[in-house]
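Have the sequence and the 3D view ready.

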Amino acid sequence: MKHPENAAEYKGLTVNAGVENLPSVNPYATFKRKKRTFTAEEYFEGIRKGDMSMLGQAVTLVESSLPQDQEIAQKVIELCLPYTGHSIRLGITGVPGAGKSTFIEALGTEICKMGKKLAVLAIDPSSERTKGSILGDKTRMNELSTAANAFIRPSPSAGSLGGVARKTRESIVLCEAAGFDTIFVETVGVGQSETAAHSMVDYFLLLQVTGTGDELQGIKRGIMEMADGIAINKCDGNNIERAQAARVSFKNALALFPPTESGWQPSAVCCSAIDHTGVLDVWHNIEEYVAFTKQNGYFEHHRTQQAKYWMYETINGALLNGFYQNEKMERLIAEAEQKVLNNEISSFIAANDLLNQYKHSL
């Protein structure tokens with residue numbers, strides 16, 4: 001008997017035979033749902049209508065490295081260009097742990113309450129080993145992510161200069177065409193060359209924090225010269241006095257720098273993203289800067305210089321991709337690499353030989 005419990009002596013107890021284990025995958029599924037593709041015109045129409053889903057897909061298209069995706073993406077950007085340039089672009093950087101995500105949510109929430117439309121392009125660091133990113137910034141902005149007039153898009157840095165994704169500038173164009181009048185660009189963190197972030201925003205905010213040791217460690221000449229304003233975050237609890245002292249130190253350091261090209265005198269303010277205190281003071285400072293630079297003509301001058309900068313950056317990127325994606329060069333690069341590893345040729349001579357061969361192959 002298969003189940004001894006079914007014997008006569010076990011009255012009132014019956015065990016059914018049951019069924020065989022079924023496969024976890026549906027054996028009757030014979031098709032794979034194909035993702036719908038859109039034309040450049042359909043992407044553009046959706047973006048202009050304020051369709052957040054279509055905007056998100058368009059940003060994904062811009063970030064794609066596939067040639068067919070890039071072809072459509074460039075058409076979408078071209079269609080969107082006449083409807084851009086009417087936003088305030090704010091770059092936010094700071095040391096890891098300065099509270100950038102918390103600050104962005106606090107300031108972003110206040111901005112949304114004013115009736116403005118806010119797009120946050122948060123750059124997440126990519127792993128040097130796996131090339132992957134967590135993309136968790138949106139989960140740290142619970143309140144802002146539920147706002148109807150806010151769009152949060154985390155993107156991988158993919159090893160780009162200054163911790164800013166290469167396609168962030170194109171994403172700004174798409175967001176502006178969708179009607180967003182305020183754009184935040186959050187970088188990975190402070191480096192000595194955040195030129196990529198600075199070259200795509202109107203106002204560059206440096207977020208600092210105190211109570212972590214040597215205050216002068218945070219005063220880096222390169223990043224300080226680029227900053228249009230400094231906000232000392234976490235000015236709350238037992239840290240208020242130290243934050244105020246740090247503000248004075250940064251203010252004195254800013255006074256030692258030569259005058260800025262815009263004529264604007266950067267300032268340092270204290271704030272607490274947790275308590276929402278001083279956050280609006282930062283925003284008022286940004287508004288004053290925009291009004292000041294628009295009046296003296298620097299605002300438009302800065303944007304035209306940025307456009308020129310990105311033209312050359314695009315050329316450099318295209319040349320770099322053309323070199324490495326050339327079928328003939330792939331073989332020659334592998335051969336040169338092996339010679340370098342075998343100490344048959346120096347790295348510099350190998351590089352010059354490869355560049356010369358690439359020139360002659362064009």
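A polar contact is a pair of N or O atoms within 3.5 Å; within protein, one must be able to donate a hydrogen and the other to accept it, and residues adjacent in sequence count only if both atoms are side-chain atoms. The side chain of E110 makes one with the side chain of H276, at 3.3 Å. This is a predicted model, where local features need pLDDT of at least 70 and side-chain atom pairs count only at pLDDT 80 or more, while totals for chains, interfaces and linings use all residues. Residues are numbered from 1 along each chain as its sequence is written, and side-chain values use heavy atoms, with hydrogens and water left out.

You can find E110 in helix α4, residues 100-113 (a helix is a DSSP run of H or I, at least four residues, numbered from the N terminus). E110 is buried but has no salt bridge, and K113, the nearest side chain of opposite charge, is 4.1 Å away. Here buried means under 20% relative accessible area, exposed over 50%, and partly exposed in between, with a 1.4 Å probe and protein chains only. A salt bridge needs a side-chain nitrogen of Lys or Arg within 4 Å of a carboxyl oxygen of Asp or Glu.

Next, look at helix α6, residues 168-177: ten of its ten residues are buried, so α6 is largely enclosed by the rest of the structure. Among them are R169 and E170. After α6 comes G179, with a positive phi near 100°.

Finally, visit L319 in helix α11, residues 298-324. L319 counts as exposed because its relative accessibility is 51%.

Technical notes
Helix = DSSP H or I, 4+ residues; strand = E, 2+ residues; numbered from the N terminus. Lys, Arg positive; Asp, Glu negative; His and termini not counted.
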